Amino acid sequence: MAIVAVSITPIGTGEPSVSRFVAAAQRVLARYPGLTYRLDPMFTTIQGDLREVFAAIADMHDAVAEAGSVRISSVIKVDDRRDKEVPMEEKVRSVERHLRG
């Protein structure tokens, strides 16, 4: 199971805000019930089968284009752990335990 951070940014839209483009990309994720995701201020974190995540990212990219962006820059970071499944929430809890200890 992979955990993927993705940031899809429209370029040259003539407006400083990107929230409507982010919303368009987020709507796509509802079509992927096998994925878990979380919107953060700078990235969306997605967890699930790597190929399904990549398919969702391609659809998110298309949604940003359909929302009116003619140029898009994307950053994708993949953590593909294959020895065991660790939910993204557990990764955060593990760090929090270290902070308390």
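1. In strand β3, Thr45 is the bridge partner of Arg38. Strand β3 (residues 44-48) runs antiparallel to β2, and 4 bridges join them; strands are DSSP runs of E of at least two residues, helices runs of H or I of at least four, both numbered from the N terminus. The model is predicted: local features need pLDDT of at least 70, side-chain atom pairs count only at pLDDT 80 or more, and totals for chains, interfaces and linings use all residues. Residues are numbered from 1 along each chain as its sequence is written, and side-chain values use heavy atoms, with hydrogens and water left out.

2. The open sheet has 4 strands in the order β2-β3-β1-β4, with antiparallel pairing (two strands pair if DSSP finds at least two bridges between them). Because β2 (36-39) and β4 (71-80) each have a single partner strand, they stand at the edges, and one side of each is left without a neighbour in the sheet.

3. Helix α2 has 17 residues and reaches 24 Å from its first C-alpha to its last, close to the 24 Å expected at 1.5 Å a residue (1.5 Å times one less than the number of residues).

4. The buried residues of α2 are Leu50, Val53, Ala56, Ile57, Met60, Ala63 and Val64, whereas Arg51 and Glu66, on the other side, are exposed (buried means under 20% relative accessible area, exposed over 50%, partly exposed in between, with a 1.4 Å probe and protein chains only).

5. Elements covering the buried residues of α2 include β1, α1, β3 and β4 (contact means heavy atoms within 4.5 Å).

6. After α2 comes Gly68, with a positive phi near 120 degrees.
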